[in-house]
Amino acid sequence: MPVTEEQKQILKTTSPIFKENGKEITSILYKHMFADHPELLNIFNRTNQKNGTQPFALANTMYLAIENIDHLDVLLPQFLLISHKHRASTVQPEHYPILGKYLLIAIDEFLGGMGDPDILGAWSAAYNMIVTIFINIEKRLYNELGDKSEQGFIPFTITKKEIIASGPIVAFTMERRDGGKMRDYHSGQYITIRIKKDGLYHIRYYSLIELFNGKTYRIAIKQEKNNESKGVVSTELIEKYKVGDTLSVSLPAGTYTLIPDAKHHLFIASGIGISVFSSMILDLHKQGKSDIVTLIHCVLTEDQAVFADQMHKILTKNQYYILLQGKHLLQVTITKTVTPKTHVYLCGSVTFMDKVEDYLGQCGHPFSQVHKEAFQPSLSLIKDAVKNQSTTKPL
């Protein structure tokens, strides 16, 4: 059923509460849902739950949808991006009513357990309206893969594992174990890997670092040291998996892509963030457009500049900058390379991308020409929406 005008008024009245406390509400949601349905942890990235980025992303999704309830079409790019992640991690239509149930429980709990039927009814109607959009998009994405055997996790064999830069940064090459057809992908997309550890499944998305060759997929992983929130999947892959071992992989997904009519492409990456850009730069080179590419790669030490040999062959000295922390000014380099026609692609930590956006803003560069890719749920990067604070921990 559509959201009524009366329900829209209730949503507009209560949305400020969600703006102030949305992350707390969604954290309560996940806490109760995982307690009652621990099997759902198998389709969520646990690191994003522990560090709060997943509850924050869901809170922003709900808040932005409520704010745009009369014209949800403006959010379709964000919905499509999320739906790709859902398809990649095998979210199914039957999962949505469960999440919706605990959303209402969390809202009611936050409001003091009043059980106001009008408020809960309005939020339920809005949630169902949003969910219908997701389910329809994801149905199409699943159908594009073909039969059911292609829609979930597929066994792949690791055919090559090699250290490609200091860090260490390790590249994994893999091919299908079942002999099935490799699915083509566009530069900027990722695959999803699922491993089992201590009886639990863990998933992680990894950018594909080469152009499609019809035979293998290749990713690059950096091992994080002295970091309490380091990813379980990355650590396990680097420390325990070897050539010949089997990985569970879902086929390529993602909406991050090159802007086809851009006159100048500026890629700015921090550390392993360059992994998503490697295939995009190779793509432009293949198209004969490497002359309109500039790459800025920020690293702690030069031996961590993964893909440097490859990039030096494609780009000239004035197109490729390796900036060492404390030795070069990122702001100066951005100022001298960005033009009004530049489309800027960012990948790195939130702090890094925020800093780059500040520099671009000082240059007067339009944010409509800035495209971000992150190692966390993308809607957790939205500014001026829900406050990023909560006391409840979902895990």
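Helix H7 (residues 232–240) lies across E1, E2, E3, E4, E5 and E6, running at about 75 degrees to E3. This is a predicted model, so to speak of local features a pLDDT of at least 70 is needed, side-chain atom pairs count only at pLDDT 80 or more, and totals for chains, interfaces and linings use all residues. Residues are numbered from 1 along each chain as its sequence is written, and side-chain values use heavy atoms, with hydrogens and water left out. Helices (H or I, at least four residues) and strands (E, at least two) are DSSP runs, numbered from the N terminus.

**Domains and their contact**

- The protein splits into domain 1 (5–144), domain 2 (148–253) and domain 3 (264–380), with bounds that come from an automatic or database domain assignment.
- The centres of domain 2 and domain 3, taken over C-alpha atoms, are separated by 24 Å.
- Their contact (heavy atoms within 4.5 Å) takes 13 residues from domain 2 and 14 residues from domain 3.
- The size of an interface is often given as the accessible area lost when the parts come together.
- Between domain 2 and domain 3 about 1300 Å² is buried, 63% of it on carbon and sulfur atoms; buried area is the accessible area (1.4 Å probe) that two parts lose on being put together, summed over both.
- On the side of domain 2 that touches domain 3, the elements giving two or more residues are strand E1 (154–165) and strand E5 (217–222).
- Five residue pairs, both at pLDDT 80 or more, are in polar contact between domain 2 and domain 3. A polar contact is a pair of N or O atoms within 3.5 Å; within protein, one must be able to donate a hydrogen and the other to accept it, and residues adjacent in sequence count only if both atoms are side-chain atoms.
- The count of salt bridges between domain 2 and domain 3 is zero.

**The six-stranded sheet**

- Six strands make an open sheet in the order E4-E3-E6-E1-E2-E5, with antiparallel pairing; two strands pair if DSSP finds at least two bridges between them.
- E4 and E5 are at the edges with a single partner strand each, so one side of each is left without a neighbour in the sheet.
- From one strand to the next, the twist averages 40 degrees. Axes are lines fitted to C-alpha atoms, for helices over the stretch in contact, and angles run from 0 to 180 degrees between N-to-C directions.
- Helix H4 packs on this sheet, touching E3, E4 and strand E6 (246–253), and its direction makes about 155 degrees with that of E6.
- Strand E3 (residues 190–197) and strand E4 (residues 200–207) pair in the antiparallel sense over eight bridges, with Thr192 opposite Tyr205 in E4.

**The five-stranded sheet**

- A second open sheet has five strands in the order E9-E8-E7-E10-E11, and here the pairing is parallel.
- Its edge strands, strand E9 (320–324) and strand E11 (370–373), each pair on one side only.
- The twist in this sheet averages 15 degrees from one strand to the next.
- Strand E7 (residues 264–270) runs parallel to strand E8 (residues 293–299), joined by six bridges, and Ser270 stands opposite Cys298 in E8.
- Helix H8 (residues 275–286) lies across E7, E8, strand E10 (342–347) and E11, at about 160 degrees to E7.
- Helix H11 (residues 350–362) also packs on the sheet, touching E7, E8, E10 and E11, with its direction at about 160 degrees to that of E10.

**Backbone spots to look at**

- Most residues other than glycine have a negative phi, and most peptide bonds are trans.
- The Gly167 to Pro168 peptide bond is cis, with omega near -10 degrees, and Pro168 is in the loop between E1 and strand E2 (169–176).
- Thr90 has a positive phi near 65 degrees; its place is the loop between helix H4 (76–88) and helix H5 (95–110).
- Asp198 takes a positive phi near 55 degrees in the hairpin of E3 and E4, which has two residues between the strands.

**Salt bridges**

- The count comes to 14 salt bridges, each a side-chain nitrogen of Lys or Arg within 4 Å of a carboxyl oxygen of Asp or Glu.
- Lys8 forms one of them with Glu5, with the closest N and O atoms 3.4 Å apart.
- Lys8 and Glu5 are three residues apart in helix H1 (residues 5–36), so about one helical turn separates them.
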